[in-house]
Amino acid sequence: MKKQTRRSVAKLLLIAFSIGVLEGHVQSDVQQSLAAGKITLTLNKKKLTLKKGKTYKLEAKKTPAKAKLSWKSSRPKTVSVNNRGTVKAKKVGKAAIIVTARYKGLKKKAVCKVTVKRKENIIPDVTPENTKEPTVTPVLPTVEPSATPVPTKTPRPSRKPSTPAPTPVEIEYIADYEMELGEKLDVKKKVTPTEGRIEDYNISTTNEYVASVDENDIIVSNHIGKCLLVLTSKTDEAKKESYKLCVTDNFVPEDGFNVYNENISHGEVDEFYYPSQYRETGEGHAKIYFPPNYDPKNKKYNLLFCLHGGGQDENFWTLGRPLGQGGCHAQYIFDTLYDEKELTDTIVVFPNGNIKYDKSKDYPNTVPDPVIQNSWGDCYLFEYEVIYDLLPYMQNNYPIEKGADHTGVCGLSMGCGEAIEIGLKHPDLFHYMGLFSAGPFASTKQTIVTTKEDAERINSQIKLCFFITGQNDHMMDDSGRRFVNNCDSLGMNSIFFEVKGTGHDDRCWDRALYAFMKHAFK
């Protein structure tokens, strides 16, 4: 019995020793891999066939374990993928799902090719005798005879079934070449001109802030945005070819980006009052966020105005309520971005965008007798207050780096409309704009970007115009999406992103703020 016990103990020791050796080898392999400047990434499927409407969860194996994954579809309208690798077949066709692992400046990609087939139609067993549609005799309700006829009620107009619901607007922009931020495009290998050889052309872009050309005719992606890739004949400058070029990125944050994290540094949320020529009280009130390690004596900061929606006030962006209960988490989002080293030093101001307009009063710097729609009555004066009161006050009382390159504005819903009025009307003052959640106009008509000249003027000044909305948000007959399509058709440099699975709610706005600030002031 004692011999058996000793043998069992010896076996257990041997197994433990073997496991320890194997773990040592695994750790050694990972360390060697990192030392060699490599990361590994594999998918459980290299090819996948799905029927339309079906989903499949791709599994990615990576080393090191801390490497961050991002997922992307080459054709999102054909096959979509979320940030957990779940693929959905949307329409018949083919697409590539690309997963990228990033760790300490290194990255590795893996690809799964997906083919979407049609659903199998179930054909009923029909004989020649019953191929014709049966004649249906309508059954009329039995009504008791009455000497006095009952009057017929007039139906309410809102209940007329003949009025169809508006068709959601799709964003129509299709790039000839799309690059992920940080990638390069070899023009000589990827671009084929319609006439002659690529060697017969000089290569350039219309916006080097977005993408530039190096000495080897390689397109280098510098910042998210859109521009044109231009080929100009070396023998005839009038002979040109242009291609749409879009630089994009993974705009989906990691889980926990908008919750309080006790393990990182935190900024501070405070409040202040400022003089206003447009409010009855003579002053406005705003919340303000100072970044971690705020140092007003030795540093200068970028300035961002962050605007709330209709029926809300200056507190909405920093309420920090549970998601879906109304209220965003801006302070936690900024803390996360600073910890990830994705955000440059910025002071953020959350003003109250509601100002009552009195027709009987004269307001400085405004247009005499303006035509104001009812829905914009409390918003009209806010643009002027920001330009003539709040912006100068911030520059004179806080360590603000002056200039449009250091000034931005973003807003949600009603605040999106205000941000459009402030930013796109004054591109000489604001070079960064985040426009969140549809419905910026009271009608589909707008007067800000209506010609190619408007688009070119704005392009020559701004750095980032980022439209973001919820997948299920179709507010005000999709006037926001219509505006994006109009800007695209005129060649304006703007980016559109749709937050999957969200509507007109704080889940969308938190992600929108993270995505916008990740690329602002860079």
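The second largest pocket is lined by 26 residues, and the residues nearest its centre are Lys68, Arg102, Glu340, Glu342 and Lys518. The model described here is a predicted one. Strand E5 (68-73), strand E8 (93-103), strand E9 (106-117) and helix H8 (506-519) are the elements that each give two or more residues to this lining. The space in the second largest pocket comes to about 800 Å³. Sorted by class, its lining holds 11 charged, eight nonpolar and seven polar residues.

Across the whole structure, a search finds one cavity of 30 Å³ or more. The volume of the largest cavity is about 80 Å³. It is lined by 13 residues, and Ala438, Phe467, Thr469, Gly480 and Val484 are the closest to its centre. Two or more lining residues come from each of H5, strand E23 (464-470) and helix H7 (479-489). The classes in the lining of the largest cavity are nine nonpolar, three polar and one charged.

**Two pairs of packed helices**

Two packed helices are described by the angle between their axes and the distance between the axes. The table gives these values for two pairs.

| Helix pair | Angle between axes | Distance between axes |
|---|---|---|
| H4 (residues 382-397) and H5 (residues 414-423) | about 50° | 9 Å |
| H3 (residues 330-339) and H8 | about 35° | 10 Å |

With an angle of about 50°, H4 and H5 are therefore oblique to each other. The crossing in which H4 passes H5 is right-handed. On the H4 side the contact is made by Phe382, Glu383, Val386 and Ile387, and on the H5 side by Glu418, Glu421 and Ile422. By class, four residues of this H4 and H5 contact are nonpolar, three are charged and none is polar. Helix H5 also has a part in the largest cavity, as one of the elements that give two or more residues to its lining.

The crossing of H3 and H8 is right-handed. Helix H3 brings Ala330, Ile333, Phe334, Thr336 and Leu337 to the contact, while H8 brings Asp510, Leu513, Tyr514, Met517 and Lys518. The contact of H3 with H8 counts seven nonpolar, two charged and one polar residues. Helix H8 also gives two or more residues to the lining of the second largest pocket.

**Backbone details in loops**

The peptide bond that runs from Thr63 to Pro64 is cis, and its omega is near 0°. Pro64 sits in the loop between strand E4 (60-63) and E5.

Asp217 is not a glycine, yet its phi is positive, at about 60°. Its place is the loop between strand E13 (211-213) and strand E14 (218-221). Asn293, also a residue other than glycine, has a positive phi near 60°. The loop that holds Asn293 lies between strand E18 (283-290) and strand E19 (302-307).

Conventions. Residues numbered from 1 in each chain as written. Predicted model: local features only at pLDDT ≥ 70, side-chain atom pairs only at ≥ 80, totals over all residues. Heavy atoms only, no water. 1 Å grid on protein atoms, 1.4 Å probe; cavity = no way out; pocket = protein on both sides within 12 Å on 5 of 7 lines; lining within 4 Å. Points joined across faces, edges and corners; volume = space filled by probe spheres on them. Helix = DSSP H or I, 4+ residues; strand = E, 2+ residues; numbered from the N terminus. Nonpolar A, V, L, I, M, F, W, Y, C, P; charged D, E, K, R; others polar. Axes fitted to C-alpha atoms, helices over the stretch in contact; angles between N-to-C directions. Parallel < 35°, antiparallel > 145°, perpendicular 65-115°, else oblique. Left-handed = near helix turned anticlockwise from the far one by under 90°. Contact = heavy atoms within 4.5 Å.
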